[in-house]
Amino acid sequence: MARLGMNMIHVLCVIIFAITNTSHSLHEKPQAFLQPIRKDITTNIYYSPLSIGTNVHNINLAIDLGGSAPLLLTCAAAAKSRSYHPIKCGSSRCIQAKPDPVSCPTNTSKKATCHKSFSTSFTEQPVKARLLRDTVSLLYTDNGFTYMGGGIDMTMTIACTDVKPFPSIVVGTLGLAKTHMALPSQIVSLYKLPFKVALCLPSPNSGESSGSGSLFIGGGPYFMALYPEDISKIFASTPLLPSDQFRGEYFIDVNYIQISGKIVPFFKKSTKICTLAPYTVLHSSIYKALVLAFAEKAKMTKVPAVKPFASCFSSKGLGRWMMGSRVPVIELLLRGGAKWKIYGSNSLVKVSKDVVCLGFMDGGVNLTMGMIIGGYQMEDNFVEFDVKASKFSFTSSLLLINSSCSQSRHF
């Protein structure tokens with residue numbers, strides 16, 4: 001009897017394990033979707049691997065906050081899926097997508113493939129794409145920290161293009177813009193989740209070498225290794241500004257920049273947040289003032305510039321994270337009074353053993369906005385875009401609390 005009882009307990013444990021680790025067939029509503037983010041150090045592109053259809057696994061898609069398509073693939077990559085189905089004009093999915101006016105001719109009985117133009121951070125002009133239906137597998141979490149099971153398979157409208165505007169490290173983009181077709185919109189509509197997108201971009205120099213950054217869709221809580229509480233408890237926030245409905249990009253208001261008490265003039269133009277800009281880009285007048293103020297306050301020896309950077313210093317004695325009194329803190333003073341502090345780990349780029357450079361770029365006098373906050377300045381910072389509340393929330397560097405964005409979430 002004792003042996004029988006132990007066998008029954010073993011069977012029950014196996015059943016419970018199988019149920020808790022199965023895909024969405026037994027899991028009605030995840031807390032949030034959670035995808036890993038990796039960085040290609042050659043191109044400085046942040047990307048996420050995911051699977052499409054029944055046979056296309058772990059394809060790399062660039063994280064694009066300005067991408068209005070849910071997934072935008074090359075048509076060659078999309079056609080490899082055995083479950084790929086073109087979306088035809090007149091179908092409910094085509095009508096919902098609001099296709100380009102000329103893509104569906106009315107003077108023919110033949111049903112053409114539905115086409116729509118999408119914005120992308122890789123191109124200045126919209127990219128014309130074909131719409132298709134396929135299964136997309138996304139990882140999810142029920143506790144704000146670990147991946148659960150093998151992922152959830154969902155049928156989605158995605159897009160493909162015959163041009164390839166992205167580098168070869170990726171076969172497409174994962175669009176996170178505030179548009180009705182982008183990935184967050186489709187997911188939160190399907191699963192009735194909060195319209196929140198959160199990013200924690202990894203740095204190759206911090207955290208676990210086998211770890212990845214994180215993309216959350218659907219809200220928190222958000223937990224990080226070595227920090228005992230929900231990370232949203234240390235958020236500071238500022239309003240998200242309205243943006244072009246077609247592009248759906250994310251903008252905030254920066255009132256001025258301060259470096260160790262010295263104010264850098266910042267004329268009132270909106271600031272865009274863009275993961276595909278490797279480094280923060282500034283209007284030329286702001287950039288020059290920033291470089292002068294940083295050099296004045298830095299307690300480091302200046303050295304010859306190393307392209308593409310214009311201001312470089314000796315890194316001797318700075319330490320791994322390049323923090324401390326020798327490296328001035330760059331503060332972005334935002335609408336509402338919040339301060340986004342940029343420490344040395346996000347302001348200085350190590351270009352050689354003994355040289356670091358200020359990781360900001362001159363965008364010229366024709367830049368239409370004051371600043372574009374790039375990926376490097378966001379690494380190891382946790383940020384959240386609450387679209388419904390029109391609110392942008394952020395931490396400063398997680399290194400200050402002995403954490404980082406590079407986490408292993410498989411347990």
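Start with an open sheet of four strands, lined up in the order 15-14-20-21 with antiparallel pairing. Which strands stand at the edges? Those are strand 15 (262–264) and strand 21 (339–342). Each has a single partner strand, so one side of each is left without a neighbour in the sheet. On average, and ignoring direction, neighbouring strands here are turned by 25° against each other. Bear in mind that you're looking at a predicted model.

Now zoom in on one end of that order. Strand 14 (residues 254–259) runs antiparallel to strand 15, and three bridges join the two.

Next, hop over to strand 10, residues 196–200. Is this strand mostly covered or mostly open? Mostly covered: four of its five residues are buried. Strand 10 pairs with strand 26 (residues 382–386), running antiparallel to it, with five bridges between them. Look there for alanine 198 and its bridge partner in strand 26, glutamate 384.

Strand 10 also pairs with strand 11 (residues 213–217), again in the antiparallel sense, over four bridges. In this pairing, valine 197 has isoleucine 217 of strand 11 as its bridge partner.

Definitions and conventions:
Residues are numbered from 1 along each chain as its sequence is written. This is a predicted model: local features need pLDDT of at least 70, side-chain atom pairs count only at pLDDT 80 or more; totals for chains, interfaces and linings use all residues. Side-chain values use heavy atoms; hydrogens and water are left out. Buried means under 20% relative accessible area, exposed over 50%, partly exposed in between (1.4 Å probe, protein chains only). Two strands pair if DSSP finds at least two bridges between them. Axes are lines fitted to C-alpha atoms, for helices over the stretch in contact, and angles run from 0 to 180 degrees between N-to-C directions.
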